[in-house]
Amino acid sequence: MNDTLASYLLAIEDALRELLVAPEPLGAPLYQMMQYHMGWLDTAFRPVAAEGGKRLRPLLCLLACEAAGGEWRKALPAAASLELIHNFSLLHDDIEDRSDTRRHRTTVWRLWGIAHGINTGDAMWVLARQAVYRLSALGHASDIVLQVARLLEEACLELCTGQYLDLHFEEAAQVNLADYERMIAGKTAALLSASVAVGAVLGAATKAAQAHWRRFGLELGLCFQMIDDWLGIWGDPQVTGKSAASDILERKKTLPVLHALIWERERGYDDLAHLYAQPTLTEAHLPQVLGLLERAGAGAETRTRARAHQQQALDHLAAAGGRDPAQAHIRRLTEALVDRSH
Ligand code: GRG
């Protein structure tokens, strides 16, 4: 993220810190585990400046609000709520996936156990929902606050559906590309779409513009996840914070793998399908899997598909017709998406 966005990022951080304050000393470790996850504390709960994530969702929310004609500072509670929902879902996802690390650090459940991981995530979700009520104190009418709450609840349900499909596809024999897009629309794009939709509502965008903002966020999210899939195989582990080729070792049906499975099926091969049918994949299988992905052109195809969604996103962004400089910031973020390294 560049310096022009620094004032938004600082304000987001302040809003988040305000929400994660422990109300009483006895329960303080619950909040400290959340603060560890956010990158503010180390494992002994001492202040630290660790990587806390890109803060993409709150940033998009504030920029969309301003582009639509609103005052971005008045959208801060909603922006913070979006980031907490995202982080809550990561806390639970790390348990469901049994991930040892997140953003180069040991995961909360790995440090403090599964029960604390679940409970910390649950508390963060409640704090995310409570944050929305703070919009009233900033002068937003009740019907607007309700609209924001509804958008966030709908996105959460979509997140669960997307997560269900992701888990289910790991065991499913065949997954087609339409099913995959439905899964990532829920798992990733729904919250990004809600981020800009909430910003547009708080910026008092017209109903027609709101529809373009929503669609922009959806296309942006599809592009974002496809590049995430590409990074999960070919990204630099030092930069992504994920272990090398972990998506392959976990036999995840990400877009490059799906493409290669379909490519093989259409040509009467079953090399990759055979490998993926094994109970476990190890580091020793990696060169072979990577070779099969290469043969099917899986990396290039993934980037081509991501670019198509990026273009759709840019078209809807233009149609939403927001004002500069916020609109230009969003355009630049969207343009940088396909070539991101983490
Ligand atoms: C919301 C009620 C409710 C349940 C959540 C666990 C779950 C259900 C959903 C998990 C969904 C999931 C893990 C989606 C992945 C989304 C994604 C692309 C994460 C990475 O986002 P970045 O790159 O992360 O923005 P940073 O680290 O930058 O914050």
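1. The buried residues of helix α14 pack against α9 (207-234), α11 (246-249), α12 (255-266), α13 (271-276) and α15 (298-320). Contact here means heavy atoms within 4.5 Å. Helices are DSSP runs of H or I with at least four residues, numbered from the N terminus. The model is predicted: local features need pLDDT of at least 70, side-chain atom pairs count only at pLDDT 80 or more, and totals for chains, interfaces and linings use all residues. Residues are numbered from 1 along each chain as its sequence is written, and side-chain values use heavy atoms, with hydrogens and water left out.

2. Helix α14 spans residues 286-295, and its buried residues are Leu286, Val289, Leu292 and Leu293. Seen down the axis of α14, these fall within an arc of 130 degrees, so they line one face of the helix. The arc is taken from the directions that run from the helix axis to the C-beta atoms. An α-helix has 3.6 residues a turn, so residues three or four places apart point the same way. Pro287 and Glu294, on the other side of α14, are exposed. Buried stands for under 20% relative accessible area and exposed for over 50%, with partly exposed in between (1.4 Å probe, protein chains only). Just after the helix, Gly297 has a positive phi of about 65 degrees.

3. The ligand is surrounded by 19 residues, of which Lys54, Arg57, His86, Arg103 and Lys187 are the closest. By class, the shell around the ligand holds six nonpolar, seven polar and six charged residues. In this scheme Ala, Val, Leu, Ile, Met, Phe, Trp, Tyr, Cys and Pro are nonpolar, Asp, Glu, Lys and Arg are charged, and the others, Gly among them, are polar.

4. Polar contacts are pairs of N or O atoms within 3.5 Å; within protein, one atom must be able to donate a hydrogen and the other to accept it, and residues adjacent in sequence count only if both atoms are side-chain atoms. A side-chain N or O atom of Lys54 is 2.6 Å from an oxygen atom of the ligand. For His86, the distance from a side-chain N or O atom to a ligand oxygen is 2.8 Å. Arg103 also has a polar side-chain atom 2.8 Å from an oxygen atom of the ligand. On its own the ligand has 760 Å² of accessible area, and the protein covers 91% of this. Areas come from the Shrake-Rupley method with a 1.4 Å probe; for residues, only the protein chains shown count as cover.

5. Helices α4 (76-96), α7 (142-171), α8 (177-202) and α9 are the elements that give two or more residues to the ligand shell. The largest share, six residues, comes from α4.

6. Asp166 is found in helix α7 and is buried, with a relative accessible area of 11%. Its side chain makes a polar contact of 3.3 Å with the side chain of Lys187, a residue listed among the closest to the ligand. Not counting residues up to four places away in sequence, Asp166 touches Met183, Lys187 and Lys252.

7. Tyr180, in helix α8, counts as buried at 1% relative accessibility. Leaving aside neighbours within four places in sequence, its contacts include Phe169, Gln225, Asp229 and Leu258.

Notes
Near = heavy atom within 4 Å.
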